[in-house]
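Dear colleague,

Please find the structure below, together with its sequence. My notes on it follow.

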Amino acid sequence: MKFQTQRPASWQACIACGNEVVETDARPRCGTCGGLLEVHHRPPEMTAAELIQRFTERRGQPGATASGVWRFREIVLPSADSVVSHPEGNTPLLHRVELDRWAGVDHLLLKHEGHNPTGSFKDRGMTVGVTQARRIGASAVACASTGNTSASLAAYAAQAGLPALVLVPLDGVATGKLAQSLAYGARTLLVRGDFDDCLRLVEQASDQLGVYLLNSINPFRVEGQKTIVLELLQQLSWSPPDWIVLPAGNLGNTAAFGKALREAREWGLISRLPRLAAVQAAGAAPFARSFADNFAQRHRVKADTVASAIRIGDPASYDRAVRAIRETDGLVLSSSDEELLEAKAAIDASGVGCEPASAVTLAGIRRLVQEGKIRSSDQVVAILTGHILKDPGLLLRYHQEIDPPPPGANRPIEIDADLRQVERVLKATA
Ligand code: F0G
């Protein structure tokens, strides 16, 4: 179907066959061909200057408009009425000279999404996804996850008073994330399998058992995640950087970034596009392999990396992400576990801190600088997607247990309750 006459404020369309459905259709995929859906909005009835002024006025206001997601509601979900908001977003743009030096760029900015309420960027998509779940009268919500989506879904479902079901790989979820999902009260299934098995299973559950699917194939999640880019552009006074570098797993975020940039240019908020660089972990890099083939083929792999958040072998948002990379003249690359751990140690030691998956960005930037693809004078923004405390298990192994200690290891020192022993350590440290 196509909307022939006056279009509604927003609607959904299949990116494969173009079939259109109303905004409140709850099916996670196109009913005709099974393709991924995308939310479309009628162009805002305001000039770009008026929109920008409105976004500026809302910054720092009380209530839901203080949210770094709902501040942009005209281009996120204009017809939403009662939103489920923590609030979220309003994450900082950080700069650390030692990380400039480490990566080889003059002025690297870090947009730290770990400052969201549950400690990852997922809250931006989830506030919109759970708001939509309530709008359509969902009786329960569900997702498959490597841990952050489930933590976020659990928190927002609790706020909305909706039962939540989360499916995570047994042995595949960092401690902090599993603890959050349990504490926020989600019914948590530890699946004997990997993330890709969990995703298949939850799609079947949404098809056959009627729970509302809140993985990032849900196009409303993508609308919320667009606001990472919108807020970043606002922080840069709508002057786009040369590069935005982000970690890539299931590819929801890569898709969201591409859509945000496309729309921002269409609606006159920016006049040129930054280039996207999506970085995967080398042991879970099917998208980087497809990029190397010029996207001639979609690859699937058995994923294996220390960065459990992006341990994904068959990314669901592949088609939407290919478009994002093509439209932004982007790049896809991968970092080995050794490289990403070294980058993480540098981010942590600068006092910023992030979870392992986030650190592929810094490792990727250093490589692109070495290869001459990023110039040191380019304006580069790295997206740090999750908080340092998400994965304490990996941190303690890195600093306390690995033998011989890796270069950045900071071994704790056991002492007796004796001032002289404290003094000895102080002298050796100073
Ligand atoms: N960084 C972190 C910290 C993540 O948790 C994820 C994905 C990504 C990057 C990759 O983003 O999937 O949009 O390409 N985590 C999902 C989850 C899969 O279940 O929490 P993506």
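Which residues does Leu269 touch, not counting residues up to four places away in sequence? In this predicted model, where local features need pLDDT of at least 70, side-chain atom pairs count only at pLDDT 80 or more, and totals for chains, interfaces and linings use all residues, Leu269 touches Ala48, Leu51, Ile52, Phe55, Ile75, Trp238 and Ala264; contact means heavy atoms within 4.5 Å. Residues are numbered from 1 along each chain as its sequence is written, and side-chain values use heavy atoms, with hydrogens and water left out.

Leu269 is also among the residues with the most contacts inside the largest nonpolar core, which has 67 residues. Such a core is a set of buried Ala, Val, Leu, Ile, Met, Phe, Trp, Tyr and Cys residues joined through side-chain atoms within 4.5 Å. Buried stands for under 20% relative accessible area, exposed for over 50%, and partly exposed for values in between (1.4 Å probe, protein chains only).

For Phe295, phi is near 60 degrees; Phe295 is buried, with a relative accessible area of 11%.

The bond from His86 to Pro87 is cis, with omega near 10 degrees, and the bond from Asp403 to Pro404 is cis, with omega near -5 degrees.

Yours sincerely
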